[in-house]
Amino acid sequence: MKKELFELFGKSSDLSLENIITRLAVATVIACFIFLSYRISHDGSIYSKKFNVSLAALTVITTTVMIVIGNNLAMSLGMVGALSIVRFRTAVKDSRDTVYIFWTIVAGICCGAGDYLTASAGSAFVFVLLLLFGRIRNDNRVLLIIRTARMNEERVEALIFQYFSRKATLRVKNTTETSVEFIYELNRRLLEKKQGTGRTLTDEIYDVGNVEYFNIVMQNDDISS
């Protein structure tokens, strides 16, 4: 029994230098595709060149780990135990970043195991999918921020209702003894449509008088915490 367990845990596959270089080379090529895909699907302030380079490096690193583990069960269990104590606290600013992290890990595992066909085909499909849908963004929301005198509270509410009916949602209403601040959320297309009909909402708001400021904030993925 001890002999069988020793053979099971001690079994490993020796790879030639040519096989190791081939696996690392394929992983590097796929890493370049991942780098290119991330660069295309991200732009503006949300794009991080350092994170993109880390994705490419993670693909090769995962491949290297898989090559080391090979078919050695004891080494794989030890690797799992060692990695289980590592805790990563890097905040993910975009949900798409999680997709890219899993992509690099899966591609690295496939290359490290020598399954080039699965790694290439899977990466090609993911590349096309992210190329088609990766630039979809949440930029249809607009915030209207209005601060005016307390005496104009009802007039501002009536004006917003007149312009947008119930399509403008009141998110925040801050009041003091002398002033009131409104934060409305609405669709960007609705705002642009209304802005193109004669007098603008900005003109109407300032005609109320005693308006401290009137801000229009576009909510999109470029604004991150």
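Me: Before we start, what counts as buried here?
Reply: Buried means under 20% relative accessible area. Keep in mind that this is a predicted model.

Me: OK. Is Leu201 buried or exposed?
Reply: Leu201 is buried, because its relative accessibility is 1%, under the 20% cut-off.

Me: Where does Leu201 sit?
Reply: In helix α9. The C-alpha atoms of Leu201 and Phe214 are 9.8 Å apart, and the two residues are separated by 13 residues along the chain.

Me: Which residues have the most contacts inside the largest nonpolar core?
Reply: Leu144, Ile160, Phe164, Leu201 and Ile205. That core has 18 residues.

Me: Which elements give two or more residues to it?
Reply: Strands β1 (141-149), β3 (179-187) and β4 (211-219) do, along with helices α7 (153-164) and α9 (201-207).

Me: And which one gives the largest share?
Reply: Helix α7, with five residues.

Me: Where is Asn210?
Reply: In the loop between α9 and β4.

Me: Buried or exposed, that Asn210?
Reply: Asn210 is exposed, because its relative accessibility is 55% and the cut-off for exposed is over 50%.

Key
Residues are numbered from 1 along each chain as its sequence is written. This is a predicted model: local features need pLDDT of at least 70, side-chain atom pairs count only at pLDDT 80 or more; totals for chains, interfaces and linings use all residues. Side-chain values use heavy atoms; hydrogens and water are left out. A nonpolar core is a set of buried Ala, Val, Leu, Ile, Met, Phe, Trp, Tyr and Cys residues joined through side-chain atoms within 4.5 Å. Buried means under 20% relative accessible area, exposed over 50%, partly exposed in between (1.4 Å probe, protein chains only). Helices (H or I, at least four residues) and strands (E, at least two) are DSSP runs, numbered from the N terminus.
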